[in-house]
Amino acid sequence: MIRLKNRMAQASRPARAVLALAAGAATALGLPPLGLWPLAFLGVPLILLLLETAKDRGWRSGAGTGWLFGLGYFAVAFHWIGFAFLVDAATYLWMMPFMLGALAGGMALYWGLAALVAKRLGGGGLALALSFAAAIATAEWLRGHLFTGFPWAAPGLLADGMGGLAQGASLIGMTGLTLLILLWAALPYALASERSTPSRAAAVALALVLPALWIWGEMRLAAAPAAMVPGVQLRIVQPSVPQEQKWREDNARAIFEELKELSAMPTPEQPAGIGGITHVIWPESAVPFLIDESPAARSELAPLLGGRTALITGALRRGQGDAAEPDIYNSVIVFDGRAEPVARYDKWRLVPGGEFLPFAWALEPLGFRRVVTTPGNFTAGPGPRTIALPGGLPAQLLVCYEVIFPDRLVDEADRPGLIVNVTNDGWFGRSTGPHQHLAQARLRAIEQGIPIVRAANTGISAVIDSHGRYLQRLGLMQRGVIDSSLPAAISTTTYSWWGDSALLLLVAASLACVIVIHLLRRG
């Protein structure tokens, strides 16, 4: 190990930079859909070796190495966003390298600062491993909250491919899993670096927590009942309309007819078609017109719904404002069996670069603009609230990437029994993005103990129970429907009760261990 550290210390700056980028990229390959999480047990020890042997001194020590590690990670994790710029390549393609580079580089700043702190606190060995895991987890919490937040592809998402370990989200959430997974991945480095018996014993003890939590998760799944809500039959409609065709005015009638046809058609589960369905769910912005302002559309929906079936659909909605620049809401509108709108939810977490342009005052003069264009400006809604669907179902409605945020996911004062997530991932084709989006929705179901019903234009639509089990899925670019009963929610989870206080305790415990290690070393 000493010889390896010496070689790392003597390596040229370009070689160290390539290694740091490679370590981050390898760790990101553990994300869905590849799920190559064992690579994190190579990438994290490599970055810790580079941090311990970093040549720079002063406040910059390790920051550049950590930033390069983050750049490699986020470049791989976010590459799918580039597909959105190909939908209208003539207009947006030139923006792609600038936007992706700024996004990956900006997110990597959090990790650069975390590496700086970790190196200062830890130095090397087990103390560095603990400091690094705690610092990155804290940085991930900040990344999910500052400047509207963007917690996409946190390292805790590696748990999606780690079997029962994902059930740990019900205890400590995704960010807590981020800390533990990074710590476990760092332990090979710690074991090889430490010489003292107490530190090596502590590293072994920490390593044993991984199989213990994994086994606990498998036992939790085995003991979980498969209870269903009586009297509820859902139909999720996935029309698979290509993004380049979705907003053409001449396609409005064809898209509306397609949605109605899929909603009504008989299936092996529902031979009577829509007659046996209580709730039909259409994806985000399902039709390219303002459906709540169209009496003609509602008059066609009324006989389809037959006075008994509710329709929950993603739709754009016009608010106040002048005729040229009205306020536009990305909404979910609920129609009762007579096609009357009875409830609505307005998206309140808008997508940076999609529904609003960050730093527009500086970027618009350079030609940049948001990817999703409407006659007006997207406006944020008031926040999460539980809505009573027809039939008395208490539900939290979410639009698109709102489901990636662990905090303020639901109205904690009025806990819902169902989360409905409508989305349109057609922007991203057959990339890794839709798979990561679905995996994050699954973690929210585990964290909250609430089933998630997901309607996606081009996939992946799914029914996920309160323990994160997929009851049904409809793959990418497949046209069809999912007919399913509604899984029951569980009363509560540890994470839904104490939230990210779990992360605070884990960070505090990690730093306390670092202090003890330093005291023992001095002794």
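How many Å should the 27 residues of helix α9 span at 1.5 Å a residue?

**Entry 1: ground rules**

I am working with a predicted model, where local features need pLDDT of at least 70, side-chain atom pairs count only at pLDDT 80 or more, and totals for chains, interfaces and linings use all residues. Residues are numbered from 1 along each chain as its sequence is written, and side-chain values use heavy atoms, with hydrogens and water left out. My helices (H or I, at least four residues) and strands (E, at least two) are DSSP runs, numbered from the N terminus.

**Entry 2: helix α9**

I began with the opening question, on residues 197-223. The expected span (1.5 Å times one less than the number of residues) comes to 39 Å for α9, and its end C-alpha atoms are 39 Å apart, so the two agree.

Next I looked up which residues of α9 are buried (under 20% relative accessible area, with exposed over 50% and partly exposed in between, 1.4 Å probe, protein chains only). They are S199, A203, L210, L213, G217, R220 and L221. I kept a reminder beside that list: an α-helix has 3.6 residues a turn, so residues three or four places apart point the same way. The cover over the buried residues of α9 includes α3 (40-52), α7, α8, α14 (433-448) and α16 (501-522).

I turned to A137, which sits in helix α7 (residues 125-143). A137 counts as buried because its relative accessibility is 0%. For contact (heavy atoms within 4.5 Å), I set aside residues up to four places away in sequence and found A137 touching T175, T178, L179 and L503. I also checked A137 against A154: they are 17 residues apart in sequence, and their C-alpha atoms are 8.8 Å apart in space.

A108 belongs to helix α6 (residues 96-122). A108 is buried too, because its relative accessible area is 0%. Not counting residues up to four places away in sequence, A108 touches W67, G70, L71 and F74. From A108 to I277 I read 169 residues in sequence and 47 Å in space, C-alpha to C-alpha.

**Entry 3: the cavity**

Rolling a probe the size of a water molecule over the atoms shows where empty space is left. My search ran on a 1 Å grid over the protein atoms alone, where a cavity is a set of points where a 1.4 Å probe fits but cannot get out, and lining residues have an atom within 4 Å of a point. Grid points are joined across faces, edges and corners, and a volume is the space filled by probe spheres set on the points.

How many cavities of 30 Å³ or more does the structure hold? I found one. The largest cavity has a volume of about 100 Å³. Its lining is made up of E140, W141, G144, H145, P151, A154, M174, T175, P406, D407, Y495 and D500. Helices α7 and α8 (169-193) each supply at least two residues of that lining.

**Entry 4: β1 and β13**

Strands pair if DSSP finds at least two bridges between them. β1 (228-238) and β13 (residues 480-487) pair in the antiparallel sense over eight bridges. Within that pairing, V237 stands opposite V481 in β13. Because seven of its eight residues are buried, β13 is largely enclosed by the rest of the structure.

S484 lies in β13 and is buried, with a relative accessible area of 8%. Beyond its neighbours up to four places away in sequence, S484 touches V232, Q233, L234, V463 and Q472.

I then stepped to S240, in the loop between β1 and α10 (243-246). S240 is buried as well, at 16% relative accessible area. Leaving aside neighbours within four places in sequence, S240 is in contact with N457, T458, M477, Q478 and R479.

Is β11 (residues 461-464) covered or uncovered on its faces? Both faces are covered, with S461 and V463 buried on one side and A462 and I464 buried on the other.

Strand β10 (residues 452-456) runs antiparallel to β11, joined by three bridges, and I452 has I464 as its bridge partner in β11. Their hairpin has four residues between the strands, and G459 there takes a positive phi near 100 degrees.

On to β12 (residues 470-474): β11 pairs with β12 in the antiparallel sense over four bridges, and A462 stands opposite R473. That hairpin has five residues between the strands, with G468 at a positive phi near 85 degrees.

Conventions. On a 1 Å grid over the protein atoms alone, a cavity is a set of points where a 1.4 Å probe fits but cannot get out, and a pocket is an open set with protein on both sides within 12 Å along at least five of seven lines; lining residues have an atom within 4 Å of a point.
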